[in-house]
Amino acid sequence: MSFVTGADVRLWKTSLLNGDHVRDEAAGVADVLGRVHAAGAATDFDRSAFDNSADFHAIRVEPYLLFTAQRHPSVAPRLMQLAAGLDTSWTTLVHGDVSPKNILFRGDQPILLDAECASMGDPCFDVAFCLNHLILKSVHLAKSRARLLGSVLEFWQVYAPHVRWEDPAALEARTAALVPALMLARIDGKSPVEYLSEPERAWVRAKALSLLEHPEASLRDLVSKLSANGIKS
Ligand SMILES: Nc1ncnc2c1ncn2[C@@H]1O[C@H](COP(=O)(O)OP(=O)(O)O)[C@@H](O)[C@H]1O
Ligand SMILES: [Mg+2]
């Protein structure tokens, strides 16, 4: 790809941590991701270039889910079940690192970078991975909390109409089940998030464990569980 540069280019992570307006940006990312997933699920999509399940297992499933399972025996069976689902899916092209630090905006147009773990897989991974970033930032940024949690729902509203390869409600339920696993992984997995304080980490850990034991099937219900206050920063 070409190097994207100019006065109108910014990294999404920088805008999020600055507390800049985010809602439209989440919608833009959702639309791009929905189009990628729809294209990758098409019957004529050439899957041969993305037969990367072993790499995806090594740099996503193992460090995020299986490593975290070793540290949390009470939810280990659940994390291993989620891992097995990701390992065996071949539904569509998954980017694998839909993180705000890998998304540039030129004006209101998102540009996805860094597809080094792109693989055929379960699209719920990309959705949950991106939403988890918004959720973790909502824990950290009290002033932006409501807006960031709102952007989780807006993301799904824009993404869901692209889902023609399966029942969107089934994909939403898998996403809502995976989000708490990724929340826990960013606290106690191999790649912990760097900006949360210890009380914030404790809050995320407790919420994630509770949601892994009692999963929500909809993102709306998930967000309402996460909207409860009591976060000590
Ligand atoms: N094509 C590009 N145009 C402009 N900036 C880029 C481009 N590719 C990467 N960058 C910048 O470099 C950073 C790191 O690149 P990335 O591909 O994400 O590598 P890494 O594997 O180190 O995360 C990005 O966050 C972005 O700021
Ligand atoms: Mg990167």
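**Ligand surroundings and fold of a predicted model**

The structure is a predicted model, in which local features need pLDDT of at least 70, side-chain atom pairs count only at pLDDT 80 or more, and totals for chains, interfaces and linings use all residues. Residues are numbered from 1 along each chain as its sequence is written, while chains are lettered from A and ligands numbered from 1 in the order in which they are written.

Asp114 sits in the loop between strand 4 and strand 5 (119–121). Asp114 counts as partly exposed because 14 C-beta neighbours lie inside 10 Å. The cut-offs are 20 or more other C-beta atoms within 10 Å for buried, 12 or fewer for exposed, and in between for partly exposed, with C-beta atoms placed from the backbone.

The protein chain holds nine helices and five strands. These are DSSP runs numbered from the N terminus: helices are H or I with at least four residues, and strands are E with at least two. Along the sequence the pattern reads β-α-α-α-α-β-β-β-β-α-α-α-α-α. The radius of gyration is 17 Å, close to the 17 Å that the globule rule gives for 233 residues, so the protein chain is as compact as a globular protein of that length. The radius is taken over C-alpha atoms, and the rule is 2.2 Å times the number of residues to the power 0.38. The C-alpha atoms fill a box of roughly 45 × 45 × 30 Å along the principal axes. Of the 233 residues, 41% count as buried. Among contacts between residues at least 6 apart in sequence, 78% join residues at least 24 apart. A contact requires C-beta atoms, placed from the backbone, within 7 Å.

Three strands form an open, antiparallel sheet in the order 1-3-4. Strand 1 (9–11) and strand 4 (109–112) are the edges; each has a single partner strand, so one side of each is left without a neighbour in the sheet. Neighbouring strands are turned by 30° against each other on average, direction ignored. Axes are lines fitted to C-alpha atoms, for helices over the stretch in contact, and angles run from 0 to 180 degrees between N-to-C directions. Strand 1 runs antiparallel to strand 3 (residues 103–106), and three bridges join them. Pairing requires at least two DSSP bridges between two strands. Arg10 has Phe105 of strand 3 as its bridge partner.

Two further residues lie among the helices. Leu33 belongs to helix 2 (residues 23–41). Leu33 is buried because 24 C-beta neighbours fall inside 10 Å. Leaving out residues up to four places away in sequence, Leu33 touches Val98, Asp126 and Tyr159. Val193 lies in the loop between helix 7 (168–188) and helix 8 (198–213). Val193 is partly exposed, with 19 other C-beta atoms within 10 Å. With the same exclusion, Val193 touches Leu136 and Arg186. The C-alpha atoms of Val193 and Leu136 are separated by 8.5 Å, although 57 residues apart along the chain.

Methods
Contact = placed C-beta atoms within 7 Å.
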